[in-house]
Amino acid sequence: MVALYIQRSKDSACIMSFLSQTDRITMEFACAFVYVPPAVIQKDGQRSSANVIKRSALLPPVNRIRPSTPPPPPPTNSTVAKSPKLPKSTPKIVEQLEKSKVKKVVKPSPFYENAKFHSKLEAASSINTTAQQTTSPRRTVLSYLLYPALLPPHMRPAASSQSSPHSKPLDNSQTFTYDLPNNEPDLNAHRWDPNYSYSTPEGTGGEVKLPAITSNVPGQTPAPALPPRPAFMKSMPEYLVLLPSSASSSQKSPSTSSLSQSSTAKGSADKEPLPGNPNVVLVSLGKLLSEESGEFIRGEPTCCSQCGSVQDSCYVNVLHACHFCQSRELTSPPSIPPSALFLLNPDEKPPCAAGALLLFCIDISGSMSITSQVTAGEHFVHRSRLQFVQEAVLQCVQRLSEQQPDTRVGLITFNYQVTMYGYENFTSRFLSGAELTDSNYLKEAAASFPSPPPLSQTKDFLQRQVMGLSESGTTALGPAALLAVAMASRQPGSKVIICTDGKANTELGNLEVEDNDARTLLSSTIFYQELGEYAANQGVTVSVLSIEGTDCRLDELGRLADRTGGKVVIASPNRLHPEFEQIIENRTIVTHCTVTLLLPKSLHMRGEREAGCKGTREVGNVDPDTEITFQFGANEQDADVPAPASGSRVSVQLQIRYRQRNGQTMLRVITSERNVTDDSSAALSSLSLAIIQLNSSQASAALAVRGRFLDARREGELQRKLIERAIEHNHSAQDKQTYQEWVKTMEPIYNNIHNFTRRKSVISDSQSLTDAGAALLYAMKHSNRKSISLKNKHKL
């Protein structure tokens, strides 16, 4: 890697040291270790020997070397084999054998290739069977009786024999020589070792007796002796594997094995690989990006040109190696600061810091005239949906004028036309017809319309405008949403609240043609996706609030809220005001937020669209309660990069790039070192089930929103097994409570997912979501630990 020369001042080093000591913990790990399953480590250990060629057991060992000198010549004089003395009561077959041996004496001495072996055989046959000859300690006596039917054909009795072949056993007087092994040579020794020998004899030529056959067989000759085993052959072939001591110990008595199994049952279960994935990172963006004043470093940091990791160059000006680009583990930890805050582009002048906008985008179509019966004291009254919305907006305006009078509030309504309401010194503007089909024209109209003054100046006028609304016509929701986003994009951090009770049914963003025109519906889907990207890039948060009992196609319209960090809510008419208030209070602290998690090459991101050792997520707008999670694990895809070994340390770096409300671009860098382990028990003991629960909820909901219900259920099932394993290991009452909360949260994905899907979809083979299903899954995708706890308390 090319060395980077960056000069830093001494005060920047002091600032970095200060940040590392005072920075709060905002990157939390579900497990105290980086868990790598033992199977992955063993698999990586076998990769290096995967290309080794197996040698056949019949080949000589690799370290055997041919002798440099030729073997000695065979002897020229051969001794005559003497017949052994037999007892007096010799059977007929033995007498014939003796005659055949006598005839051999008069023949000329034969020439053997293996003269050494045959001379040994003749010497052994000349030994007397008297008590004067001592028996070799390595001599083996065959104690079993051989029947004639099992003898070779030339030794079997004649067919005319009167005796049955199975009636008379053989006498133990026949002898033959078998070359028994003496000392096995050490085949792994080298030729320079003193004990090395390539011609070590394999036996002592001990004498072995065979029982004699009592039947008469004319012309009987003794069976030839077995040849010796060559010196280069091992006594045990390579394809035979010795069982370890644990296997031999398993053959003990049943009582002993049962006691040992019962005592180690729990320990063996804890050593098994963990289901699911405990390697989860939680990033609390709301705490991290708070607007508290803090010291920062001016200018761009020193970054790796390949992976983009931030390196420490305060005192060391030369950067020779990057920890995250290395394929192998470094022996020394990287010189990276634990935490640092950088002000990017310090010379750039921030734009004028004006107050954020709050725009109400209200549906006043004909369907808003539908009434509902409510109680007013002791009487029942009928009120329309628009009346409920008007009451909720007026209450919000009243509270904001009292507590936040500088807030600038605007009003946009839509039915067959879209109206942007002005104030006392500026008239309202109406858009209709062909004007509502041109996106560029709508953006220009929003840009030319002035921003509303603070609420302290427009409160009374705005209240009169809200009270004068009336319902009629169709629902031009798409053009109204585009106008509202374009108008709010003047100031990052602005909010748009869309309140409707039906599907958009005009040309731009039409959602009412699901069963008739698939092309129009697909274009509408693309329209809301692009509008969400446009709003996020401008720092605008869009929330969608629909009225209970209606069908608004929130699975498509909710993409606006999903991309911009807003909310998708279904509320009853009399509960609209609390929902409005909750959306307004959830203020945006930073915009244009991008979170990047950097891992060494031995680790790998999971669940992200861009797989690899670097995961980037476009968060957009951040509120104080925003929490996101990442999953990672061992890199099992790249065979050239081994998994981190147990006991080693790896570094994980988090980079958060965002824009403050005053327009300044900041970069927060947090680096953490983690220990690697393959011990399941250690991972379970330090597991945070709350983080696992949150990650499971977010990951499963993100898959289900895209129609991948089976993958969402599979993701939740793996994490469910991990939670149950942790509860069984830790025996914690708090963990059991967390598990019960997790089951309630994941119940829609496990059991009731088909209750939240439509019957058919013309866009893809997957089922589209109902409004209730979309609102539920979007809320799960953007949930945090606080929202899950409150939700479960409300269920109880």
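How many residues does helix 10 have, and how far does helix 10 reach from its first C-alpha to its last? In this predicted model, helix 10 (residues 455-467) has 13 residues and a reach of 17 Å, close to the 18 Å expected at 1.5 Å a residue.

**Figure 1. Overview of the protein chain.** The predicted model has 20 helices and 26 strands in the protein chain. Of the 796 residues, 43% are buried. Among contacts with a separation of 6 or more, 79% are between residues 24 or more positions apart.

**Figure 2. Helix 10 and its bend.** At Phe 461, helix 10 bends by about 35°. The buried residues of helix 10 are Leu 455, Thr 458, Leu 462, Gln 463, Gln 465 and Val 466. These buried residues pack against two elements, helix 8 (385-403) and strand 15 (408-414). An α-helix has 3.6 residues a turn, so residues three or four places apart point the same way.

**Figure 3. Packing of helix 8 on helix 10.** The axes of helix 8 and helix 10 are 10 Å apart, and the packing angle is about 170°. Angles over 145 degrees count as roughly antiparallel, and helix 8 and helix 10 are therefore roughly antiparallel to each other. On the helix 8 side, the contact is made by Gln 390, Val 393, Leu 394, Val 397, Gln 398, Leu 400 and Ser 401. Helix 10 contributes Leu 455, Lys 459, Leu 462, Gln 463, Val 466 and Met 467. Sorted by class, this contact of helix 8 with helix 10 has eight nonpolar residues, four polar and one charged.

**Figure 4. Packing of helix 16 on helix 17.** Helix 16 (residues 689-705) and helix 17 (residues 709-730) have axes that come within 8 Å and cross at roughly 170°. The two helices are therefore roughly antiparallel to each other. From helix 16, the contact involves Leu 689, Ile 692, Asn 695, Ser 696, Ala 699, Ser 700, Leu 703 and Ala 704. From helix 17, the residues in the contact are Phe 709, Asp 711, Ala 712, Glu 715, Gly 716, Gln 719, Leu 722, Ile 723, Ala 726 and Ile 727. Eleven nonpolar, five polar and two charged residues make up the contact of helix 16 with helix 17.

**Figure 5. Burial in helix 19.** Helix 19 (residues 771-781) is mostly covered, with eight of its eleven residues buried. The buried residues are Asp 771, Gly 773, Ala 774, Ala 775, Leu 776, Leu 777, Tyr 778 and Met 780.

Figure 6. Lys 503 sits in the loop between strand 18 (495-500) and helix 12 (518-537). Is Lys 503 buried or exposed? Its relative accessibility is 18%, so Lys 503 counts as buried, the cut-off being under 20%. Apart from neighbours within four places in sequence, Lys 503 is in contact with Thr 475, Leu 511, Glu 512, Asp 551, Cys 552 and Arg 553. Between Lys 503 and Thr 550, the C-alpha to C-alpha distance is 8.9 Å, at 47 residues apart in sequence.

**Figure 7. His 604 in strand 22.** Strand 22 (residues 603-606) includes His 604. With a relative accessibility of 11%, His 604 counts as buried. Lys 614 is ten residues apart from His 604 in sequence, and their C-alpha atoms are 7.7 Å apart in space.

Methods:
Residues are numbered from 1 along each chain as its sequence is written. This is a predicted model: local features need pLDDT of at least 70, side-chain atom pairs count only at pLDDT 80 or more; totals for chains, interfaces and linings use all residues. Side-chain values use heavy atoms; hydrogens and water are left out. Helices (H or I, at least four residues) and strands (E, at least two) are DSSP runs, numbered from the N terminus. The expected span of a helix is 1.5 Å times one less than its number of residues. The bend at a residue is the angle between axes fitted to the seven residues ending there and the seven starting there. Buried means under 20% relative accessible area, exposed over 50%, partly exposed in between (1.4 Å probe, protein chains only). Contact means heavy atoms within 4.5 Å. Axes are lines fitted to C-alpha atoms, for helices over the stretch in contact, and angles run from 0 to 180 degrees between N-to-C directions. Angles under 35 degrees count as roughly parallel, over 145 as roughly antiparallel, 65 to 115 as roughly perpendicular and the rest as oblique. Ala, Val, Leu, Ile, Met, Phe, Trp, Tyr, Cys and Pro count as nonpolar, Asp, Glu, Lys and Arg as charged, and the others, Gly among them, as polar.
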